[in-house]
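Please read it with the model open.

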Amino acid sequence: MDILIIICSSGSMAIILVNDYTSYTFHRTISNLLGVTVLLFWVRFFSYLRGSRPIGAIIRMIIAIIVDIRYFLLLFLIGIFAFTQCFYVIQKYTDSDMTFPTEFADTYEVILGQFNPSAYGTT
């Protein structure tokens, strides 16, 4: 994990030194790389907290919960993809600018409960 943090941070510094600062793709690449670096840093920070007696028990419990929930998350992701594909096929011929990633985002929002029936018109 430490080597990934070093690679991401040194890679982002190398990109900053080599590329120009005005390109949109440059800013997007740096943002993505630094986002991964920050995430890896915090994961590593929490793994260091496992050594503390009061916080270590909580961290170990969270890790056990994540390990136990992985099969549910896999089935949940398969269900999201199934409904995304279903909605994409249904709306493909009615909405020309609909892409699969936007349909995936819409399906995920519907599953979270952000459903707006007025956006679909009346039938």
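1. Basis. This is a predicted model, in which local features need pLDDT of at least 70, side-chain atom pairs count only at pLDDT 80 or more, and totals for chains, interfaces and linings use all residues. Residues are numbered from 1 along each chain as its sequence is written, and side-chain values use heavy atoms, with hydrogens and water left out.

2. Ring pairs. Rings of Phe, Tyr and Trp (its six-membered ring) pair if their centres lie within 6.5 Å; planes under 30 degrees apart are stacked, over 60 edge-to-face, the rest tilted. The count by this rule is nine aromatic pairs. Tryptophan 42 and phenylalanine 45 are edge-to-face, because their centres are 5.4 Å apart and their planes stand at 85 degrees. Both residues belong to helix H2 (residues 24-49), three residues apart, so about one helical turn separates them. Helices are DSSP runs (H or I, at least four residues), numbered from the N terminus.

3. Exposure of that pair. Partly exposed means between buried (under 20% relative accessible area) and exposed (over 50%), with a 1.4 Å probe and protein chains only. Tryptophan 42 is partly exposed at 41%. Phenylalanine 45 is also partly exposed, at 35%.

4. A pair between helices. Tyrosine 88 and phenylalanine 100 are edge-to-face too, with 5.6 Å between centres and 80 degrees between planes. Tyrosine 88 is in helix H3 (residues 53-91) and phenylalanine 100 in helix H4 (residues 100-112), so this pair ties together parts twelve residues apart in sequence. Tyrosine 88 is partly exposed at 22% relative accessibility. Phenylalanine 100 has 30% and is partly exposed.

5. Cluster and charge. Phe41, Trp42, Phe45 and Phe46 make up one aromatic cluster. The charged end of arginine 44 sits over the ring of tyrosine 48, 5.0 Å from its centre. The rule here: NZ of Lys or CZ of Arg within 6 Å of the ring centre and within 35 degrees of the ring normal.

6. Helix H4. The expected span is 1.5 Å times one less than the number of residues. The 13 residues of H4 should span 18 Å, and the end C-alpha atoms are 18 Å apart, which agrees. Glycine 113 follows H4, with a positive phi near 105 degrees.

7. Threonine 107. This residue lies in helix H4. Threonine 107 is buried, at 2% relative accessible area. Its side chain reaches the backbone oxygen of glutamate 103 at 2.8 Å. Not counting residues up to four places away in sequence, threonine 107 touches Ile80, Phe83, Thr84 and Phe87 (contact: heavy atoms within 4.5 Å).

Note on methods:
Helix = DSSP H or I, 4+ residues; strand = E, 2+ residues; numbered from the N terminus. Polar contact = N/O pair within 3.5 Å; in protein donor to acceptor, adjacent residues only side chain to side chain.
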